[in-house]
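Please read the following points alongside the sequence and the coordinates. They are set out as a colleague's note, with cut-offs given where a term first matters.

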Amino acid sequence: MPTPVKRAFRVFRYLFQHEPWVFEVIFGFCTAIFFWLLWVDWREGPMYGSIRILSEARSEAFWQWLGFGGGAVQFTAALYNKPGRTALKWGRWLTAGVLTWLWGAMAWSGWIASAWSPVPILYVGMAVANLYVAFHVLWEDEFRRLRRVGG
């Protein structure tokens with residue numbers, strides 16, 4: 001009889017290998033909620049420091065809407081993804097790339113705002129997660145192309 005931890009790991013591994021769009025939905029939803037909370041003036045702790053640093057380059061509203069809009073688009077595109085929709089594939093890929101860049105910028109500015117805190121590490125984790133999504137979308141397309149050819 002598997003333990004609950006083994007069962008949870010087995011489910012995670014199955015989703016990671018066979019249904020990675022689930023992670024895309026989760027990352028998009030979390031990104032949209034996080035930037036929405038920043039937009040409604042949730043300014044607690046060191047997490048706000050990174051947006052304050054970035055607002056010196058562009059306005060706060062730019063970063064907040066980029067994160068909220070990007071997360072919402074990623075979430076929606078992953079939910080409505082069907083095989084053969086090439087336009088949606090490019091949207092998913094571009095959104096994952098933009099969110100990778102956004103979370104990387106947040107990690108860099110979080111490091112400037114409060115070095116050696118866990119906040120930049122959390123942001124790097126989200127950047128790596130979105131990078132995984134971007135690579136997976138491209139791999140998914142190439143894998144399907146190979147299967148159609150017979151490889």
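1. R13 is placed in helix α1, which covers residues 4–18, where helices (H or I, at least four residues) and strands (E, at least two) are DSSP runs numbered from the N terminus. With a relative accessible area of 39%, R13 is partly exposed, on a scale where buried means under 20% relative accessible area, exposed over 50%, and partly exposed in between (1.4 Å probe, protein chains only). The coordinates are those of a predicted model, in which local features need pLDDT of at least 70 and side-chain atom pairs count only at pLDDT 80 or more, while totals for chains, interfaces and linings use all residues. Residues are numbered from 1 along each chain as its sequence is written, and side-chain values use heavy atoms, with hydrogens and water left out.

2. Together with K6, R7 and R10, R13 forms a patch of positive charge on the surface. Patches are made of residues with over 30% relative accessible area and no salt bridge, like charges being joined within 9 Å and nonpolar side chains (Val, Leu, Ile, Met, Phe, Trp, Tyr) within 5 Å. Lys and Arg count as positive and Asp and Glu as negative, with His and the chain ends not counted; the place of a charge is taken as NZ of Lys, CZ of Arg, CG of Asp or CD of Glu. The accessible areas come from the Shrake-Rupley method with a 1.4 Å probe, and for residues only the protein chains shown count as cover.

3. As to the overall fold, the chain contains 6 helices and 0 strands, and its order along the sequence reads α-α-α-α-α-α. Of the 151 residues in the chain, 35% are buried.

4. Which residues have the most contacts inside the largest nonpolar core? They are F34, F35, W103, M106 and Y123, in a core of 23 residues, a nonpolar core being a set of buried Ala, Val, Leu, Ile, Met, Phe, Trp, Tyr and Cys residues joined through side-chain atoms within 4.5 Å. At least two residues of this core come from each of α2 (21–39), α3 (47–54), α5 (86–113) and α6 (118–149), and α6 gives the most, with 8 residues. In soluble globular proteins, nonpolar side chains tend to be buried together.

5. M106 belongs to helix α5 and is buried, its relative accessible area being 0%. Its C-alpha atom is separated by 9.9 Å from that of M126, 20 residues apart along the chain. A107, also placed in helix α5, is buried with a relative accessible area of 7%; between A107 and V119, which are 12 residues apart in sequence, the C-alpha to C-alpha distance is 7.5 Å.

6. A search of the whole structure returns 1 salt bridge, defined as a side-chain nitrogen of Lys or Arg within 4 Å of a carboxyl oxygen of Asp or Glu. R92 pairs here with E24, and the closest N and O atoms are 2.8 Å apart. The pair links distant parts of the chain, with R92 in helix α5 and E24 in helix α2, 68 residues apart. R92 counts as buried at 2% relative accessibility, and E24 counts as buried at 2% relative accessibility.

7. W36, W39, V40, W42 and W65 make a nonpolar surface patch of about 520 Å². Within this group, V40 is found in the loop between α2 and α3 and counts as partly exposed at 39% relative accessibility.

8. One backbone angle deserves a look on the display: W116, a residue other than glycine, has a positive phi near 65 degrees. W116 sits in the loop between α5 and α6 and is exposed, with a relative accessible area of 75%.
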